Amino acid sequence: MRPTVVLLGALYDPDAEDHIAANAEVVRVDPEDTSALTAALADAHGLIAKYPAEITAEVLAAAPKLIAVLSSGRGTDNIDVPAATEAGVVVANNPGLGGRPVSEHALGLMISVSRDLTAVARHGIEGAWERRLTTHRVELVESTLGIIGIGNVGSNMAHRASRGFGMTVLGYDPYVSAETMAEHGATKVDDLREMLGRCDFVTCHPELNDETEHMFNDETFAAIKKGAYFLNTSRGRVVDTDALVRALRSGHLAGAALDVYEEEPLDPASPLLTMDNVVLSAHVADFTVQTKTALAFSAATKLLGALNGEMPPSALNPQAWQRADLRRKELLGG
């Protein structure tokens with residue numbers, strides 16, 4: 001029996017979809033189409049969820065045959081992993097692929113906002129020319145960068161900033177040792193607010209969880225050194241957007257650069273879109289040609305492996321695998 005795989009949103013590479021289709025029945029569903037989603041889930045053995053489509057306990061309850069859920073990327077904050085574990089469904093992601101492109105993108109944003117490189121787009125060439133001698137611009141060399149979260153992306157960021165730009169790099173991450181940070185060119189600081197007060201640039205790369213949601217708020221922004229720049233390429237809900245706008249309008253922050261937002265896509269009425277000291281991109285930091293292909297094939301390969309009896313190597317709840325595999329054998333054989 002061929003398994004059935006439901007795709008919530010297209011994969012990042014159509015060839016990866018074709019790879020799944022060669023080995024399973026594929027059902028593509030718009031996650032906003034509730035009736036179509038419910039119908040598809042009834043027979044789904046595998047599911048790939050493209051952020052921000054949410055895999056809740058209710059979604060899992062509608063999929064009694066489900067064996068495995070794969071995130072289309074690295075993040076899994078849109079998947080209720082405890083509910084999946086309770087249901088005996090294994091959940092996996094695709095780690096290790098975003099470090100290079102996201103850190104490159106973050107560095108590009110840092111340069112763009114600190115050198116006002118979007119002035120022509122905002123004001124036209126004449127307007128940008130008129131303001132070229134009065135706009136605040138700073139150099140990266142010999143400045144201090146604070147990195148929140150020294151994981152795959154944060155460690156790449158530390159390496160590139162310290163070695164490529166000669167920046168002093170400080171790192172805040174309670175789960176990473178000082179020795180590991182030093183290997184990547186960062187000095188560990190245990191007190192977040194102390195670190196923020198020393199930084200010319202602050203860049204966010206943490207996981208989104210209960211500890212990090214809205215970790216940047218009015219109090220945290222007030223702790224940042226006056227005149228610093230703030231960047232976020234992790235998850236939008238790490239930042240209280242209203243608090244960020246207040247910090248920018250007050251002049252406490254010199255500028256901000258964002259790739260992610262609390263609500264996506266960004267509201268066209270957002271004040272962030274009208275601020276000269278803000279640079280924005282559309283949640284594309286890891287969407288390079290190379291990474292999109294790698295992510296799509298990683299998700300496809302891991303899901304097909306799970307449907308053939310191989311626990312995904314990046315399973316977030318390996319304790320669910322025994323039940324998931326038993327269900328696989330009952331439904332698909334082998």
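Guide: Leucine 8 stands opposite alanine 49, which belongs to strand 3. Please bear in mind that this is a predicted model.

Visitor: How many bridges join strand 1 to strand 3?
Guide: There are 4 bridges between strand 1 (residues 4–8) and strand 3 (residues 46–49), and the two strands run parallel.

Visitor: What is the order of the strands in that open sheet?
Guide: The open sheet is formed by 5 strands in the order 2-1-3-4-5, with parallel pairing. Its edge strands are strand 2 (25–29) and strand 5 (90–92), each of which pairs on one side only. From one strand to the next, the twist averages 20°.

Visitor: Changing topic: is strand 7 mostly covered or mostly open?
Guide: Strand 7 (residues 168–172) is mostly covered, with 4 of its 5 residues buried.

Visitor: Which strand does strand 6 join, and by how many bridges?
Guide: Strand 6 (residues 144–148) is joined to strand 7 by 5 bridges, and these strands run parallel.

Visitor: How many bridges join strand 7 to strand 8?
Guide: Strand 7 and strand 8 (residues 187–188) run parallel and are joined by 2 bridges. Leucine 170 stands opposite threonine 187 of strand 8.

Visitor: On to helix 5: what span should its 16 residues have?
Guide: Helix 5 (residues 99–114) should span 22 Å at 1.5 Å a residue; its end C-alpha atoms are 22 Å apart, so the two values agree.

Visitor: Which residues of helix 5 are buried?
Guide: They include Gly99, Pro101, Val102, Ser103, Ala106, Leu107, Leu109 and Met110, and towards the end of the list Ser112, Val113 and Ser114.

Visitor: What follows helix 5?
Guide: Aspartate 116 follows helix 5, and its phi is positive, near 55°.

Visitor: Last one: which residues does the UniProt domain annotation cover?
Guide: The unreviewed UniProt entry annotates residues 107–285 as "D-isomer specific 2-hydroxyacid dehydrogenase NAD-binding". In the model, that span is 34% helix and 17% strand, and its end C-alpha atoms lie 10 Å apart.

Key:
Residues numbered from 1 in each chain as written. Predicted model: local features only at pLDDT ≥ 70, side-chain atom pairs only at ≥ 80, totals over all residues. Heavy atoms only, no water. UniProt positions renumbered as here; feature names shortened; annotations may be inferred. Pairing = 2+ DSSP bridges. Axes fitted to C-alpha atoms, helices over the stretch in contact; angles between N-to-C directions. Buried < 20%, exposed > 50% of the residue type's maximum accessible area, 1.4 Å probe, protein only. Expected span 1.5 Å × (residues − 1).
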